[in-house]
Amino acid sequence: MTPEINLTRDPAHLRHGSSIGQPLTRTDGVLKVTGKARYAADNHPPGMLYAVIATSCIARGRVKSLDVAAAKRHPGVVDVMTPAHKPELAEDPDAKGNPFAFRMELLQSDEVRYANQAIAVVIAETLEAATEGAALLSPRYQVEIARVGLDAGEPYAPPVVGIGNPAEVVHGEIDAGFAAASKLTDATYETPAQYHNAMEPHAIVAVWDGDKLFLDTPSQGMAIAQGRIGGLLGIPPGNIHINSPFLGGGFGSKGLVSGPQMLGIMAARLVGRPVNLVLRRSQMYGPVGHRASTRQRLRLGADDAGVLTVIDHHARITTSSFDDFYEPAADASHTLYASPAIRTAHEAVRVDTGTPLFMRAPGEATGSIALESAIDEMAFACGIDPLDFRLRNYAEVEPTTGKPFSSKALRQCYARGAERFGWARRPLAPRQMRDENGFLVGWGMGTATFPALMFQGNARAVIRADGSGVMESGAHDMGQGAWTALTQISADALGLDLGEITFRSGTSDLPDAGIAGGSAHTATVGAAIHNAGAAVIARLAELATPDERSPLFGAGNAGVVARQGRLHRRDDETRSESYAEILARAGLAEIDASGTGAADPAAQSHYAMHAHGAVFAEVKVDPELGQIRATRLVGAFAAGRIINPRLVQSQLFGGMIWGLSFALHEEAVMDHRSGRILNANLAEYHVPVNADVPPMDVITVDEHDPHVNALGIKGVGEIGITGSAGAVANAVWHATGIRVRRFPIRIEELVTGLS
Amino acid sequence: MNHSISLTINGVLREVALADPRVTLLDLLRERLDLTGTKKGCDRGQCGACTILVDGRRINSCLALALSHDGAEITTIEGVARGDQLHPVQAAFIAHDGFQCGFCTPGQIMSAIGLIEEGQAGDDPERVRECMSGNLCRCGAYSGITEAVLEAHANMTAAKQRRSA
């Protein structure tokens, strides 16, 4: 069925979509499979030098000395940037202009605040010389004892969590909720520090031309980066041109420009030549953000009917010693389950790490695995099937605000996911199932949710004399498929076939598309494109309808419909005129118009807006070795309008794999003596490999949402993690009867209990 | 100290003068020969993004010193398609959406081509998953990758049978 875009705010321009909803392959597919997609570090401007960062091997203290002379003696080394020898900055990198201008280490002092912090930059003619030069610096340190882990210091109440959320939220009477309960559970869960580990290390190729700056660097938010870089350097943001057509993954770590990227720019300034700076993998464990570790206590109460009377979710989280980002872990309990009393609270501890940041589903992911585990524990305490328990506590309105949901097809997600998985055959008690090889088999589930956010973004639409169209928006494709999905939306917005439009994106000279984050990019930029398209079509109509020579003359009141390069009278579709004819008569080479996409405050104040889903997992556990294998994952998601089912399935698969990884694989292990990360590499920091990933099944449940935005898009980038992590953890319990509350679940925690 | 080696890269014989013995095959390709399709994800042989074929065998080019491969025949992602005609593995990766960000993709494709040549996985998805596990994909495109390898294997086997029939 061809979806229809309804221009709800301008019914004169009702148009019929033809590209949205199609499972097209990626428009950048050929470039990516042939090696022609040019990522930041693939650029080699003439005269380019290589910069390599020397990083601290202590987590706290001072750099006492660097053997700069030894580095400079090395053949090919051009210069060494140190606190004593660097370009001046216009702004203190420790100044806090706004909450999201995170402090960065730009060699402003000899202080070391975490392991892997930059302490110098060696610039050389070749990568080999720069690498060797960095090793020759042989730093000596004054070492202080590092503060490591969730008990490193006195906890305090953070001013806010996440993006300006209150640190504590109380809904209803907590004491009354506990008093009304006949069953109580009280469990504490721990989640580790995790690192984004995009496959592409942060990279920058910086070229100065006077006070103009040209950058090839991956960015999830080019305009924000321009502002930050311009502020630090004292040049107008408009002087900075960022080229970021492809990101080799972001996951939040490329949302804001990082210290190492700034160092590359400074190095280019220092030597007066183009500079390439690429982080080594180990150097990504520090200055480019991570997911903070958490310890979450969940106390739940339920009555005899298995109905929740209270949810009390308390989270302790870590942040850095020098800046503030607070993972909003407990906020996951605001929206999912109905309860007359809900309290969420956060406390923070400062540790000697780089500052944590947004990492795919920040707060939702950490909170979800704890909440979904706790719900599973309570369901079992009540003797109720976990799906049945969730249905008994289904939130008909958003629990903490009382707002109706703009749409919520979670019941259908539960039903269809459970049916596909075969959930009805699940025994209530754990350790009841074995496979033909004697492995313990367990089934678990979790509910997925993620807010349907909108940021602000702009687009510019052009119709050219030959009737073809151009859509421009400086959007960011980090793999989610922005090139493709936004091209599809552009085609429909212009009333043209895909082959007749050009979609331009990925550079900072195009209209500001905001940030690719919060699963909001397609919705935000999609809305901007939709509005830009409507505006340019309106301009075409203004040319044609007052003109007696046009078949559309006099259609002003009835309106026109744009379809396949023609405007049709809405009251008589046989009367139409092509874009080219309209422009030719007007003697115009092209016409353009702009559009903005942003949240509708009125709709947001009336409705709670979230995507939902249900994930079902099967694991098998070796009863002797404790080895865990996920063997099946089924996810059913309702996330509003789906622009491209093929890419959406891939996004949801990817998210579910992150959930599986959260439950079973990834963890940064800290050395409590040194404050260093013991496994800052891809062999020992486990991200799932192909063999870890079971056959997966994704169902998308139709959901029409007239409130979230003009296109009804909710976003799918992050929801896949939520629910999945808990589902896998609950399946491990169901297989073994052993409840592991520290993630990832390790063999050693099962093997003693199994024997 | 100048060293000269000869390499056949994507069918073209190239004499390469190396002033530095420390250069890896990966850095040679990327930084000196403008073959940037091959990617560096870890530089330690842990992620597989730099996978190329050397004398038909898939290797991590970040762990190979260029000097020790004098005379080798090298195939990189740039040498896989025939003009505009994609290799069956490339086409299958697009059809099955076996990538998202695309950064690991050249390595995945070279690894898949190597695997199909090795013939050690055949049409067994479990074997494909195992034998492709040296190539990390953080986006999590593994389902599509496995399907793509299986389909390409089937297509290439069928084509081979047609040719020999």
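1. Let's start with a charged pair: Asp571(A) and Arg569(A) form a salt bridge, their closest N and O atoms 2.9 Å apart. The term here means a side-chain nitrogen of Lys or Arg within 4 Å of a carboxyl oxygen of Asp or Glu. Arg569(A) counts as buried, at 9% relative accessibility (buried is under 20% relative accessible area, exposed over 50%, partly exposed in between, with a 1.4 Å probe and protein chains only).

2. A word on what you're looking at: this is a predicted model, where local features need pLDDT of at least 70 and side-chain atom pairs count only at pLDDT 80 or more, while totals for chains, interfaces and linings use all residues. Residues are numbered from 1 along each chain as its sequence is written, chains are lettered from A and ligands numbered from 1 in the order in which they are written, and side-chain values use heavy atoms, with hydrogens and water left out.

3. Back to the charges. Over all chains the count is 59 salt bridges. In one of them, Arg585(A) pairs with Asp547(A) at 3.1 Å between the closest N and O atoms. Arg585(A) sits in helix α12 (579-586) and Asp547(A) in the loop between α11 (521-544) and β25 (560-563) of chain A, so this pair ties together parts 38 residues apart in sequence. Helices (H or I, at least four residues) and strands (E, at least two) are DSSP runs, numbered from the N terminus. Arg585(A) is partly exposed at 24% relative accessibility, whereas Asp547(A) is buried at 15%.

4. Chain B has a pair worth a look too: Lys40(B) meets Asp43(B) in a salt bridge at 3.6 Å, N to O. Lys40(B) is buried at 18% relative accessible area, and Asp43(B) is partly exposed at 32%.

5. In chain A there's also a salt-bridge network, which links Arg460(A), Glu472(A), Arg504(A), Arg539(A), Glu590(A) and Asp592(A).

6. A cavity is a set of points, on a 1 Å grid over the protein atoms alone, where a 1.4 Å probe fits but cannot get out; lining residues have an atom within 4 Å of a point. Grid points are joined across faces, edges and corners, and a volume is the space filled by probe spheres set on the points.

7. The largest cavity holds about 70 Å³. Of its 13 lining residues, those closest to the centre are Ala115(A), Tyr195(A), Tyr285(A), Thr353(A) and Ile677(A).

Key: 1 Å grid on protein atoms, 1.4 Å probe; cavity = no way out; pocket = protein on both sides within 12 Å on 5 of 7 lines; lining within 4 Å.
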